[in-house]
Amino acid sequence: MFRRKIDRLLSAGEGKQLAWLTVIVLVLYGIFCLVGRIWGLDWTDILTLYLDPGNFPIDHQANDIFSLIVTLSGILILSALLISVFSNVFYRKGERRYRFRDHVLILGGGHPLADMLRALQKHPDFAGKDILVMTSSDVEALRATMETALDDAAFCRRITWYRGNRDNPEDLLGARASLARCIYLIGEDGEAAHDSLNVGAMDLLRDICGGEGPAIPCFITLEMRSSQDVFQYLPKEGDSRLRVEIVNTSDYLAEQLLVDTPFLPVPGAGQRLHIVVTGSGRTARSFAAVAAQVCHFPDFAQSGCRTLISFIDCDIRKEMDDFVANRQGLFDLSHYAYVSPAGREDHAPKEAFGDFLDLEWEFIDSHLSSPFVREQLETWAADPAQKLVVAICPEDAATALSAALHLPNAVLKADIPVAVYQKGHAELLDKAVATGMFGQIRCYGEAMPETDALLLRRSERGQRVNYLYDLEYGNPPAASAAEAWAGLSFAHQLSSIASANSIPMKLRAFGLEATRSAVDALDADTLEALSEVEHRRWMVSVLLMGYRAAPKRERSDRSRFKELKNKEFIHLDIAPYDELAHEADKDQLIVQNIPYIINGEEIVRL
């Protein structure tokens with residue numbers, strides 16, 4: 001600790017280091033010159049001893065004690081301090097290593113770092129904790145950028161910067177990963193092999209964090225949905241103290257908007273929600289996937305109005321074919337259509353499975369500024385039978401902003417909610433919003449202020465959902481939510497998080513508050529409607545995860561339930577709600593414990 005404080009004091013900048021060294025040397029030399037007169041030494045004698053210890057007199061003299069003090073001071077101050085000053089060049093470059101314990105370890109200097117540091121700055125659970133950031137990028141440049149963004153000198157002194165590679169075991173050992181309070185494995189921006197590097201680092205951390213000791217939460221970010229798909233098929237490894245959670249970065253950005261804000265409107269009776277997503281890259285697909293998991297409404301049971309998600313992009317046919325092939329189980333049960341100026345091609349759910357999902361899809365082959373699409377947008381904006389939402393998600397932020405500012409006037413004047421993907425900075429978008437000329441346009445993406453940058457609320461709510469199931473069906477149940485979470489497969493972790501993410505929309509759709517008194521006051525019909533909505537939500541979530549349904553004629557035979565689920569990824573509960581009277585308690589368990597999931601209130605057992 002003392003060594004780090006000295007290093008930080010002397011590493012504030014090359015000019016300050018030189019000033020400290022000069023002041024200390026001159027002050028001591030001045031003191032020695034004044035005292036040396038007592039011993040009959042003039043300034044040249046003092047200077048000789050101060051600069052060169054080899055000039056210490058061999059023959060015994062009356063001033064030997066004082067001469068020794070001057071000589072040793074020269075050795076300690078000039079030699080040691082010079083070495084320290086030069087070693088701080090290595091500190092600034094992240095080469096120095098310290099003996100950390102109970103620290104927050106962030107591996108990587110990618111774009112989530114600034115928001116994570118801001119969150120750590122404010123979070124009471126991390127008050128006073130050391131923060132270690134290890135990056136393979138330019139340490140000095142990254143530190144300067146972060147210190148400017150944080151503008152808090154006291155907090156920045158808690159941050160230590162290492163230069164190192166997260167896939168190097170020696171660097172991970174030097175970062176004292178096995179003694180960390182928690183680990184964030186975020187990686188660097190622009191890495192071609194980002195996901196593979198993070199997975200490799202995760203495996204190294206598992207080995208390093210073996211043995212006895214407290215559990216270490218580790219959040220690992222993945223960019224590609226295919227990487228997440230691999231994890232969904234993997235069992236959880238329980239031979240390490242590392243407690244891994246995976247986070248798809250694009251999905252997480254969408255969650256910040258679609259879960260944590262009231263951006264999405266609630267359709268009225270006889271209306272459908274229509275979400276238009278422009279673009280076909282990773283950002284667009286994640287926006288649609290998260291929306292598909294939260295947009296489920298009670299009116300479907302009466303009106304049959306499905307939430308419609310429309311993708312718009314040039315040459316969308318290939319994107320549609322890839323999406324259908326990658327999620328064949330979902331599209332076997334879905335209405336979807338390919339649309340172009342030349343006509344429409346509709347696909348219905350396969351008859352062997354039935355028609356019971358409350359979600360449908362469109363893939364429109366054109367560009368946002370085409371007359372065909374602009375006319376469609378104007379028609380949709382004026383249609384009283386739907387609530388329209390537009391998400392502009394090209395991977396290029398400048399293209400997204402330009403497209404948003406030139407939407408048809410009918411869309412802007414109708415106050416249609418419009419989300420615009422912005423990657424680094426949103427100042428220009430903020431100015432556009434301030435004009436009042438562009439309706440309900442708002443920022444979405446990396447430039448959006450994060451509300452759960454440390455992923456803690458997201459994780460906590462997911463853990464609570466899982467703990468409810470564990471208490472009811474565990475044999476024996478775990479002693480705590482954290483213990484139940486530790487042994488859970490990645491697929492079930494994601495399912496529990498998706499369930500928790502859907503609750504804010506349920507509350508708005510039913511006009512509820514997340515309090516025990518509000519939930520206890522619900523009548524039987526409303527509880528049943530909430531349970532049905534939860535079941536429909538659950539089906540879409542597991543279908544997006546890669547599960548498939550069984551044909552209607554095979555769903556009643558549950559003798560192979562576990563075998564089909566675990567080995568073939570076929571889930572017999574992907575079925576209409578009225579076929580699953582024996583499973584309805586699982587949905588009611590979530591509904592009745594909304595106050596626990598959201599606010600941590602007391603659990604209600606069935």
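Helix H11 (residues 249-258) and helix H12 (residues 282-294) have axes that come within 8 Å and cross at roughly 50 degrees. Helices (H or I, at least four residues) and strands (E, at least two) are DSSP runs, numbered from the N terminus. Axes are lines fitted to C-alpha atoms, for helices over the stretch in contact, with angles running from 0 to 180 degrees between N-to-C directions. This is a predicted model, in which local features need pLDDT of at least 70 and side-chain atom pairs count only at pLDDT 80 or more, while totals for chains, interfaces and linings use all residues. Residues are numbered from 1 along each chain as its sequence is written, and side-chain values use heavy atoms, with hydrogens and water left out.

**Helices H11 and H12**

- H11 and H12 are therefore oblique to each other; angles under 35 degrees count as roughly parallel, over 145 as roughly antiparallel, 65 to 115 as roughly perpendicular and the rest as oblique.
- From H11, the residues Ser250, Asp251, Ala254, Glu255, Leu257 and Leu258 meet Arg282, Ser286, Phe287, Val290, Ala291 and Val294 of H12; contact means heavy atoms within 4.5 Å.
- Sorted by class, the contact of H11 with H12 has seven nonpolar, two polar and three charged residues. Here Ala, Val, Leu, Ile, Met, Phe, Trp, Tyr, Cys and Pro count as nonpolar, Asp, Glu, Lys and Arg as charged, and the others, Gly among them, as polar.

**Helices H22 and H25**

- Helix H22 (490-501) and helix H25 (524-544) pack at an angle of about 140 degrees, with their axes 10 Å apart.
- H22 and H25 are therefore oblique to each other, and their crossing is right-handed.
- Ser495, Ala498 and Ser499 are the H22 residues that meet Glu534, Arg537, Trp538, Ser541 and Val542 in H25.
- The contact of H22 with H25 has three nonpolar, three polar and two charged residues.

**The six-stranded sheet**

- Six strands form an open sheet in the order E3-E2-E1-E4-E5-E6, with parallel pairing. Two strands pair if DSSP finds at least two bridges between them.
- At the edges are strand E3 (159-163) and strand E6 (242-248), each pairing on one side only.
- On average, neighbouring strands of this sheet are turned by 15 degrees against each other, direction ignored.
- Strand E2 (residues 131-135) is joined to E3 by five bridges, and the two run parallel. Met134 stands opposite Tyr162 in E3.
- E1 is joined to E2 by four bridges, again running parallel. Val104 stands opposite Ile131 in E2.
- Helix H5 (residues 112-122) lies across strand E1 (104-107), E2, E3 and strand E4 (182-185), and runs at about 170 degrees to E1.

**Buried and exposed places**

- E2 is mostly covered, with five of its five residues buried; buried means under 20% relative accessible area, exposed over 50% and partly exposed in between (1.4 Å probe, protein chains only).
- Both faces of E2 are covered: on one side Ile131, Val133 and Thr135 are buried, and on the other Leu132 and Met134 are buried.
- Thr221 lies in strand E5 (residues 216-222) and counts as buried at 7% relative accessibility.
- Setting aside its neighbours within four places in sequence, Thr221 is in contact with Leu185, Ile186, His194, Asp195, Asn198, Val247 and Thr249.
- In helix H28 (residues 584-592), the residues Ala584, Asp587, Leu589, Ile590 and Val591 are buried. Their cover includes helix H20 (456-473), H22, helix H24 (516-520), H25 and helix H29 (594-599).
- Lys431, in helix H19 (residues 427-435), counts as exposed at 60% relative accessibility.

**The chain as a whole**

- The chain has 29 helices and 14 strands.
- Of its 606 residues, 54% count as buried.
- Taken along the principal axes, the C-alpha atoms of the chain fill a box of roughly 110 × 60 × 45 Å.
- Among contacts between residues at least 6 apart in sequence, 74% join residues at least 24 apart.
- Lys431 and Ala215 are 216 residues apart along the chain, and their C-alpha atoms are separated by 46 Å.

How values were computed:
Left-handed = near helix turned anticlockwise from the far one by under 90°.
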